[in-house]
Structure formats: C-alpha cells, structure tokens
Amino acid sequence: MNKLTGDQLRNNTQDLIIEGAGCASCVGKIETALKNINGVESAEMNFALRTVSISGNVASEVLIKAVENIGYNAKSASDRSDDELIDEKEVADEKYYASLMKQMWVALALGMPLMIYSLFGGPMTVETPLERGVWLFVGVLCAAIMYFSGKHFYIGAWKSLLNHTANMDTLIALGTGTAWIYSMIVVLFPLALPEMARHVYFEATAMIIGLINLGLALEVKARGKTSEAIKRLIGLQAKTARVVRDKKEIDIAIEQVLLNDIVRVRPGEKVPVDGVVTQGNTSIDESMLTGEPMPVVKAEGDKIVAGTLNKSGSILFKATRVGKDTAIAQIINMVKRAQNSKPPIGRLADIISAYFVPVVMIISIVSALVWLNFGPDPVLAFAVVSATTVLIIACPCALGLATPMSVMVGVGKAAEAGVLIRNGEALQTASKVTAMILDKTGTITEGAPKVTDIIVADESYSEDFILTVAASIESGSEHPLAQAIVDSAIEQNIELENTTDFQAIAGHGVKAMLNGQQLLFGNQKLMLKHSIALNGYVNKAQALAYKAKTPMYLAIDNKLAAIIAVSDPIKSDSIAAIKRLQAIGIRVVMLTGDNRATANAVAKQVGITEVFAEVLPEDKSNKVADLQAQGEIVGMTGDGINDAPALALANVGFAIGTGTDVAIESADITLMRGSLHGLSDAIAVSKATLRNIKQNLFGAFIYNVAGIPFAAGILYPFFGLLLNPVVAGAAMAFSSLTVVSNANRLRLFKPQDH
C-alpha cells in the first residue's frame with residue numbers, strides 16, 4: 001500500500017472552492033473532469049464543504065478552467081491560510097444563507113396565500129374573463145418570483161444542458177418550469193384545453209422554489225457545525241510569538257518566526273511553533289493535541305509542539321519547524337484531507353447519483369405518458385402533476401450529503417480524541433478490524449527500558465567494567481534496549497570508549513572490537529552462532545525473562561563475561577486498553593523481536609494469549625500476511641522504523657504518535673498519545689461513523705426510490721390519491737436537512753469511558 005509522505009502531500013496537493021454544485025451528480029462530473037487532465041493523480045470532492053482536493057503537478061489555472069468548462073465556478077484555496085479560508089467560508093455561508101432566506105420568503109409570499117386559498121376551496125381554474133385576468137397577473141408575478149428566487153436553479157440547469165449533463169437543478173427547473181408553462185397555457189389558451197383541465201399550478205411553482213430554498217438554507221446552517229473540529233484546531237495556533245533578536249525580546253506575528261529563532265514562552269501562553277527547549281523547566285498541557293489530560297514535564301533538550309499550553313515555568317526554545325511544517329499545521333492538513341476523502345461506501349453513492357438524474361427524467365416522462373394514455377380526465381393535468389412531482393421528489397441532494405457530512409464529523413471527533421485518520425478508506429476499514437497486532441516495545445511497554453540486573457560470569461570483571469563495555473559497544477545503536485544501557489552508564493558517570501569494526505547482526509545483536517578484544521553482545525542465538533559456552537547461565541537468563549526482563553549476553557574474546565538484564569515497564573493503561581479491544585471481539589496478537597520468555601512474560605501480564613516472539617524486522621510483515629490469509633481484517637500497531645513495512649501491509653496501520661516519523665507516515669491512523677486506548681477510540685469512532693453513513697444512505701435511497709412510485713401516482717387507482725408537487729418539494733428539501741441533522745448527531749458521540 002503506497003502512501004504519500006506529509007511533504008509530498010503538501011507539495012502535490014491543492015484545493016479548489018467550487019461554486020454552483022447543487023447535488024451528488026455534480027460531484028462525479030467535477031471529479032471526472034479534473035481526473036481527465038494530464039498530471040492529475042486524484043481528485044476528491046467534498047460535497048458538504050463544496051471543496052475539491054487535487055493531487056498532481058498541474059497549475060491551478062488549468063484546474064479552474066476545467067471546472068468552468070463543465071458549467072461550474074472555481075477558485076483556488078491553496079494560497080490562503082486556514083484562518084482566512086475558514087473566515088471566508090463563514091462569511092460566504094452567512095451571505096448565502098441570508099440570500100436563500102430572502103428568496104424563500106419572497107417565493108412563499110405568493111405561494112402560501114395561493115395554497116391557503118386552494119385548501120379552503122378557492123377555484124384554481126380559468127372559467128371567466130375575470131379569472132383569466134387575475135391568473136394572468138398571478139402568472140406574471142410568479143415568473144418574476146421564479147427569476148428572483150429560483151434563477152440559480154435555471155442557470156444551473158442551462159449550464160448542465162450545454163454540457164449534455166443533468167443534475168438537481170435540471171430536475172427542479174423542469175418540474176417548476178413544466179408547472180408554470182402548463183398554467184400559462186391554461187390562462188392564455190383556455191379553450192384549447194378540456195374544461196376539466198383548466199387548472200393552474202402557480203402555487204406549486206412558487207411553493208416548491210420557496211421550500212427548496214428553505215431546505216438549502218437549513219442545510220447551509222447545519223453544514224457549518226460540521227467544520228467545528230477544524231476551527232478548534234486552528235484556534236489552537238498562537239497569533240504571535242516572542243523571539244529573542246539582538247539580545248532583545250520582541251513580539252512578532254507567527255508567520256515571521258524563522259527556523260532556529262530563539263523563542264520565549266511564559267506561563268499561560270501557547271507554544272507558537274515546534275522546537276526544542278534550550279533553557280528552563282516547565283510542564284506543558286498537550287491535551288488539545290493528544291487527548292492526554294496530564295501535563296508533561298519539559299526540560300532542556302525536550303521537544304515541544306505548537307498549539308500546546310505552557311502551564312508553569314518560563315522557557316526558551318529553538319524553533320525547529322515553523323509555518324505549515326509545524327505539527328499542528330500538519331494535523332490540520334491531515335484532518336482536512338481525511339474529511340475530503342471518500343470511504344468506499346461513499347463512492348457507491350457517487351456512482352448511483354451519476355445515473356440517478358437521467359433515470360428519474362425518463363421515469364417522469366414515462367409517468368406522464370401513462371397518465372395521458374390510461375388516466376382519467378383531465379389526463380393532461382394529471383400527466384403534468386405526476387411528471388412534476390416525480391422530478392421534484394427525486395432530487396438527490398440528500399444522497400450527496402449522506403457520506404461527506406458523516407465523514408467530516410467522524411474525522412473531527414477522532415481528532416478531538418487524539419486520533420488522526422489519514423483517509424476515508426481507513427475510517428471505514430477500521431470498523432471491520434478483527435485482529436489487532438501490537439508491537440511490544442514502545443507500544444505495549446513504555447519503550448524506555450532500564451538496566452535492572454548485571455550478572456557477572458567471569459570474576460575478573462567488575463560490574464562497572466561490564467557496563468562500560470556494553471554501553472561502549474551499544475553507543476551507536478538507536479535500539480531502545482541499547483539506549484537503556486547507554487543511559488545507565490551515563491547516570492553512573494561512566495566514560496564510554498570508542499569501538500571499531502562495529503557490525504549489527506539483525507535479530508541477533510552486535511559485534512565489535514574494543515582495545516584489541518572481540519566483543520559480542522546480544523541474544524542466545526548470537527552466542528550459539530559463535531559457539532560461546534553458556535554453561536548454567538541459560539537458566540539464570542530464563543529466570544530473568546520470566547520476570548519480563550530482557551537478558552542479553554556479553555562475550556569477550558569468545559568467552560561469556562556477563563548477562564545484562566533490561567526491563568521495559570508496561571504502560572500503566574495497556575492492560576485496560578487491551579481488555580477493551582478483547583471485549584469488542586478483536587483478536588489481539590503481540591509481535592516482537594524480543595526473546596520468547598520475555599515476550600511471554602509481558603503477554604501474560606497484559607492478558608494476551610497469542611505471541612510471535614523473536615521475529616526479525618523483515619518478517620513482521622509476513623505475520624500480517626499470515627493473519628490476512630486466515631481471513632482476518634488486520635490492524636497493526638507500532639512505533640518503530642522496523643514496523644513500517646507491517647504497518648503499510650496491514651488493512652489498517654495504527655502508528656503511536658510518540659514513535660518515529662517513518663512509522664507515522666506508513667500508517668493510516670496515528671494515535672497522538674502513547675496510550676493503546678486510542679485504538680478502541682479509533683475503532684469506536686469508525687463504527688459510529690460508518691453506522692451513521694449507512695443510516696444516511698438508507699434514508700436517502702429509500703426516500704428517493706420509494707418516493708418516486710407515490711409521486712408517479714401508484715396510489716391513485718386504489719385510493720384516489722395523487723401526491724401534490726408542493727408536498728414533494730417540502731419532502732425533498734427536508735430530506736437533506738434530515739441527513740445533515742443525523743450526521744451532526746455524531747458530534748454528541750463519545751468513545752467508551754476508560
């Protein structure tokens with residue numbers, strides 16, 4: 001599974017703001033037009049936000065032109081800050097909402113009185129010259145209202161016609177236009193029609209336009225709530241920073257901070273950019289990014305990230321990442337990308353929508369023909385009503401909103417819990433995970449092991465000498481166990497010596513020369529490979545391993561010198577987090593390169609019964625493949641470089657956010673805090689989001705599909721009932737509101753307490 005790195009995403013991806021997209025079928029047209037451009041790798045439109053994200057090396061002018069050529073307007077969003085985009089979107093939404101409400105009231109000002117007049121028995125027919133004159137005035141007034149309140153529908157329909165396509169605007173324009181034209185024929189040429197067919201439908205035209213505008217306005221209002229997660233993340237960013245320049249502290253805009261600037265952060269202030277503490281001690285509240293409530297102590301040399309809150313001391317730090325490279329900026333970028341992406345279930349809706357509008361138009365025509373040929377008098381009036389009602393009730397607005405609204409809220413909820421979901425596919429797949437592979441070191445355990453035992457096998461060596469040799473040989477290694485030995489030596493003020501001919505032997509240990517002596521340091525496999533006699537020390541090593549300590553053998557000049565045991569403490573909440581996974585029926589497997597005895601001891605403590613130990617780095621992905629071959633949907637959780645291939649191969653890769661950048665880039669989902677509770681939280685949010693999407697799609701599909709037969713008049717032969725076009729307009733408008741409201745219910749969802 002190839003994944004772009006964060007830098008590649010930033011360099012090759014740009015966003016466009018789309019204007020004029022009215023329904024789900026617009027999504028497919030816009031995406032197809034963009035994908036047909038040479039150099040475009042992918043294009044994903046978020047119908048809820050009316051934005052499209054394009055990957056590839058293509059000039060924005062070319063992309064905008066392609067969108068305009070198919071009848072929509074577009075403008076680039078990539079050259080503005082997130083703050084500006086959010087502000088611009090809110091202003092535009094407010095303006096659009098006010099415009100829609102004004103258009104709605106104007107349309108209903110004519111439609112409502114006519115509807116009430118009709119309901120109380122007022123004649124809607126043309127029988128006398130007076131009636132003809134009154135209805136002619138009403139028809140002209142209705143035409144003016146159609147222009148003022150509904151011109152966006154007619155313009156959209158005309159653009160679609162020019163591009164040989166059809167969308168929601170097409171259905172509305174055809175439906176209301178047919179009702180108005182028929183009514184004007186009745187007014188202007190009443191004698192050309194049978195007496196029973198001289199019925200006008202001006203109230204239907206005005207009411208439908210008014211109600212659909214109301215539905216769109218309510219949708220815009222509700223839609224704004226779904227971007228709250230992004231707004232909260234953007235709100236975490238500081239506006240200014242206090243930097244030290246020419247030995248003076250000055251306040252500057254956050255955009256003016258440069259790499260390697262020295263920045264001052266005082267108690268109660270937000271950290272403005274990412275950096276490394278150079279002076280002072282403090283505690284940092286990182287809960288806004290990781291969901292972890294406890295402040296983290298920071299001292300000289302520790303990393304701090306933008307958006308977190310300095311709780312106590314005043315510190316100086318060196319800026320290491322600024323602007324769009326900070327962690328919070330990348331998180332915002334990742335959340336936006338994920339909200340724009342589609343899970344597979346959403347692509348199904350797009351495919352159906354592409355065919356839905358033309359099919360509905362055909363059904364509308366067939367319905368009219370059936371009424372004309374087999375209906376009672378006045379057949380023409382019945383044909384017009386059924387055709388209009390079918391067109392209006394089938395508008396696929398709700399269908400287009402069903403998936404993106406839920407994805408936006410779901411990804412936002414996950415981000416609030418410190419879980420960053422990279423794309424919609426990962427969001428959907430996480431809900432289906434049946435087996436979870438957990439790396440041991442740094443995932444189940446703290447990843448910060450300490451030396452607990454030194455057992456000297458040769459009395460000519462002291463413990464200090466053994467620790468000196470072991471730390472010297474491991475000083476060049478980045479492995480957590482090696483670092484623990486080096487840290488222990490440093491704590492005891494032991495000076496390390498330079499080794500030569502260093503050689504790392506994967507899955508076994510290391511080999512080097514020190515002061516003319518050959519050193520071997522690693523596991524039992526390494527000793528056996530070099531025929532080192534272990535005598536009774538194997539039992540002592542096993543005794544240490546049973547206590548979840550990792551024993552390592554040190555041999556000097558092919559003779560066993562000592563066993564050094566290192567213990568990596570289990571994270572305080574790993575046991576509870578693993579129980580949560582098992583409680584929802586997930587098969588939990590531990591995978592580690594550590595020795596079997598230590599692995600089994602850790603597994604026993606945390607309640608895992610299935611363990612793969614002494615696994616070489618290149619074999620980790622094979623274990624993922626083995627489980628997949630058994631029919632499991634596999635989640636892989638890790639934090640190290642050696643976990644990257646397995647993370648990429650898994651159905652869903654979960655990276656511990658405290659781990660390496662390589663692991664994070666290889667994963668689909670990043671847990672910003674080190675806790676495994678993030679796995680259950682991610683799966684819970686995924687299941688809730690997918691359930692919400694299914695509810696929305698079911699509602700939209702059932703509404704549209706089931707509504708069409710009633711609109712066509714299936715009830716008339718049995719009960720004498722024919723659905724009024726106005727009722728269809730109201731139902732269509734409020735179906736979108738129902739989908740949006742259901743998606744917003746997700747905002748109240750909370751993963752199980754722990």
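1. Ser60 is in contact with Gln14 and Ser76, once its neighbours within four places in sequence are left aside; contact here means heavy atoms within 4.5 Å. Ser60 belongs to helix 3 (residues 60-69). Helices (H or I, at least four residues) and strands (E, at least two) are DSSP runs, numbered from the N terminus. With a relative accessible area of 18%, Ser60 is buried; the cut-offs are under 20% for buried, over 50% for exposed and in between for partly exposed, with a 1.4 Å probe and protein chains only.

2. On the source: this is a predicted model, in which local features need pLDDT of at least 70 and side-chain atom pairs count only at pLDDT 80 or more, while totals for chains, interfaces and linings use all residues. Residues are numbered from 1 along each chain as its sequence is written, and side-chain values use heavy atoms, with hydrogens and water left out.

3. Overall layout. The protein has 27 helices and 26 strands. Along the principal axes, its C-alpha atoms fill a box of roughly 125 × 65 × 45 Å. Of the 754 residues, 54% are buried. Among contacts with a separation of 6 or more, 70% are between residues 24 or more positions apart.

4. Aromatic pairs. Rings of Phe, Tyr and Trp (its six-membered ring) pair if their centres lie within 6.5 Å; planes under 30 degrees apart count as stacked, over 60 as edge-to-face and the rest as tilted. By this rule there are six aromatic pairs. One of them is the edge-to-face pair of Trp371 and Tyr716, at 5.3 Å centre to centre with 70 degrees between the planes. This pair links distant parts of the chain, since Trp371 is in helix 11 (residues 344-374) and Tyr716 is in helix 26 (residues 716-719), 345 residues apart. Trp371 is buried at 7% relative accessibility, whereas Tyr716 is partly exposed at 24%. Ring pairs also bring in Phe382, giving a cluster of Trp371, Phe382 and Tyr716.

5. A charge over a ring. Lys623 has its charged end over the ring of Phe612, 4.6 Å from the ring centre. The rule asks for NZ of Lys or CZ of Arg within 6 Å of the ring centre and within 35 degrees of the ring normal.

6. Two asparagines in helix 25. What does Asn696 touch, leaving aside its neighbours within four places in sequence? Its contacts are Ala402, Ser406, Val739, Asn742 and Ala743. Asn696 is in helix 25 (residues 677-712) and is buried, at 2% relative accessibility. Its C-alpha atom is 7.3 Å from that of Thr403, a residue 293 places away along the chain. Asn704 is also in helix 25 and counts as buried at 1% relative accessibility. For Asn704 and Ala402, 302 residues apart along the chain, the C-alpha separation is 13 Å.

7. Positive phi. Most residues other than glycine have a negative phi. Lys247 has a phi near 65 degrees, a positive value in a residue other than glycine. Lys247 sits in the loop between strand 5 (240-245) and strand 6 (248-253), and is exposed, with a relative accessible area of 85%. Asn260 likewise has a positive phi, near 70 degrees. Asn260 is in the loop between strand 6 and strand 7 (262-265) and is exposed, with a relative accessible area of 51%.

8. Thr670. This residue is in strand 26 (residues 669-671). Is Thr670 buried or exposed? Thr670 is buried, with a relative accessible area of 3%.
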